[in-house]
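Me: I've just opened this one and I'd like to go through it slowly. Could you help me get my bearings?
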Amino acid sequence: MRFIHSSDWHLGRLFFGESLTGEQAALLQEFVIMAKELKPDAILVSGDVYDRSIPSAGAVSLLDEVLSTLVLDCGIPVLMISGNHDSGNRLAFGQRILEYKGLHVCSSVLPVKVELSDQWGPVEFVMVPYAETASIRLELDQPAAIDPDSAMQYRLANYCHEEGRSVRRVAMAHAFLTGGQASESERPLSVGGTGSISAVPFAGFDYVALGHLHRPQKMEAGRLSYSGSLMKYSFDEAKQAKGIFLVDLDRTGTLKQEFIPLPSRRDVRIMEGYFADLMAGPQPGQNPEDFLSVILWDETPVIQAIQRLRSMYPKTMEISYRYQLEAFSLQAGQRPDHRYLSGMDLFESFAEWSEQKPLTPQQRETMAAILTETDIERGID
C-alpha cells in the first residue's frame, strides 16, 4: 500500500496581512503533478485543511479544485480529517455522498474506519480528527477523559494493543504528540497546558499520519510522523524543509518512508546585512520576491528603511536591528537596577543597554547639561 501523507494546508491563511491563497494554489498544482507521478493508492491529509473555521471563498474554491482533480480526474482516494483550525461540520459537508467517489472526510468524535485494498489484502485507515476534550468526555460518556491524553485513549480503545492482528492498520490524527517540536505558527491545542498526548493509544498501528505540528518530523523510526505544513507560515520556519511523506507498507506492515520536498515559488527567509549592502541587490540564487524578515546591522536607525527595502525586495514583511535584538536578549540579572541609579547613571545605563555601546564624551556632556537644566527648572538644588 502506497500513500502520500500531507497535513496543515491552512488554505486562506494571511501572512502579515497578505493573502497566501495564490501561493498555496501554485504549490498545490505542484502537489497534484507529484501525485500523478507517484501513483499512490491514497492521499492522507491530517487536519487544518483551512486556516479558519469560516474559510474565505477563495480557499473553498481552491480546495474544491484540488480535490476534484485528485479524486475525479486522477482516481486517487483522499482521506481527510478536520484539525483545530477547521470547522468540522463545514469541512465534512456532503461526506456520505462524496465517499462513493473516493473522498472520505471525518470530523466526528468517534473515529471512522476506511478500508482500502492492495495486492496483499485490506489496509484499515482509522481517522481521528481533532476534538475538544469536553466534547469527547460528553459524547463518549467517559467522565475520566479529563485531558487530551486520556481522551485519545478512550477514542482509540477499540484499536489498541491487539495481539496477533493480521490486518495492516494506519491512523490519522490531529494532535500534539509528546516529544514533538513545535513552531510559532501553530495555535495551541489547550489553554493553561501543553495539550500533548502520549504514543500509547497508537500502539496498534503500523503507521500514524499526524497533523498539527508544522515541522516535518519522525518518531519511533518514522512509525509516528508529522508531514509538516504545506508551506512556511512564520519566519520561525525559515530553515525548515516543506514537503510530503511518501509511505509504502508491504504485506507484513513493514514501513518504507521517504520525505519529498515541495518548495514554494516564494521562500520565507531571514536576510541580514548592512542597509547599503542589501540595497545593492540580491545575492546569486536569491529571489527578490521572497517573503523576507530583514535584520539590519546598522548601528543607527535608517530613515524609511522598510519602504526603501521594498523597492528592491517587494515582500519585505518586517525589519529589525541587530543591536536591538542583542539588547533585548539580555537576561534580567544582566540589566542594571534602576532604583539605585542617579538620573545620569540611569540614562547612561539605558543607552548602553539599548545600543550595546557606551556614550561618547560629547553625548555624556550633552545629557548632563539637559539634566542640569531640567533640575533648575524644577527647582532642585
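Me: What share of the contacts between residues at least 6 apart in sequence join residues at least 24 apart?
Reply: In this protein 68% of those contacts do, where contact means heavy atoms within 4.5 Å. This is a predicted model, in which local features need pLDDT of at least 70 and side-chain atom pairs count only at pLDDT 80 or more, while totals for chains, interfaces and linings use all residues. Residues are numbered from 1 along each chain as its sequence is written, and side-chain values use heavy atoms, with hydrogens and water left out.

Me: OK, and how many helices and strands are there?
Reply: The protein has eleven helices and 19 strands, which are DSSP runs numbered from the N terminus (helices are H or I with at least four residues, strands are E with at least two). Of its 381 residues, 49% are buried, and buried means under 20% relative accessible area, exposed over 50%, and partly exposed in between, with a 1.4 Å probe and protein chains only.

Me: Let's take α1. Why does its span agree with what a helix should give?
Reply: Helix α1 covers residues 21-38, and its 18 residues should span 26 Å at 1.5 Å a residue, which agrees with the 25 Å between its end C-alpha atoms. The expected span is 1.5 Å times one less than the number of residues. Its buried residues include Leu27, Leu28, Phe31 and Ala35.

Me: And which way does α1 lie against α2?
Reply: The two helices pack at an angle of about 5° with their axes 11 Å apart, and that makes α1 roughly parallel to α2, a label for angles under 35 degrees. On the α1 side the contact involves residues including Thr21, Leu28 and Phe31, and on the α2 side Gly58, Leu62 and Leu70 are among them. The buried residues of α2 pack against α1, and also against β4, β5, α3 and β6.

Me: Which residues have the most contacts inside the largest nonpolar core?
Reply: They are Trp9, Phe31 and Ile43, in a core of 41 residues. A nonpolar core is a set of buried Ala, Val, Leu, Ile, Met, Phe, Trp, Tyr and Cys residues joined through side-chain atoms within 4.5 Å. Among the elements that give two or more residues to this core are α1, β4, α2 and β15. Leaving aside neighbours within four places in sequence, the contacts of Ile43 include Phe31 and Ala35, as well as Leu70 and Val78.

Me: Changing topic: is Lys39 buried or exposed?
Reply: Lys39 counts as exposed, because its relative accessibility is 63%. This residue lies in the loop between α1 and β4, and its phi is near 55°, a positive value in a residue other than glycine. Most residues other than glycine have a negative phi.

Me: What about Asp48, buried or exposed?
Reply: Asp48 is buried, with a relative accessible area of 1%. It sits in the loop between β4 and α2, and it has a positive phi of about 50° although it is not a glycine.

Me: Last one, which strands stand at the edges of the six-stranded sheet?
Reply: The open sheet runs in the order β7-β8-β9-β12-β14-β13 with mixed pairing, where two strands pair if DSSP finds at least two bridges between them. Strands β7 and β13 stand at the edges with a single partner strand each, so one side of each is left without a neighbour in the sheet. Further in, β12 and β14 pair in the parallel sense over three bridges, and Ala209 stands opposite Ser225 in β14.

Key:
Axes are lines fitted to C-alpha atoms, for helices over the stretch in contact, and angles run from 0 to 180 degrees between N-to-C directions. Angles under 35 degrees count as roughly parallel, over 145 as roughly antiparallel, 65 to 115 as roughly perpendicular and the rest as oblique.
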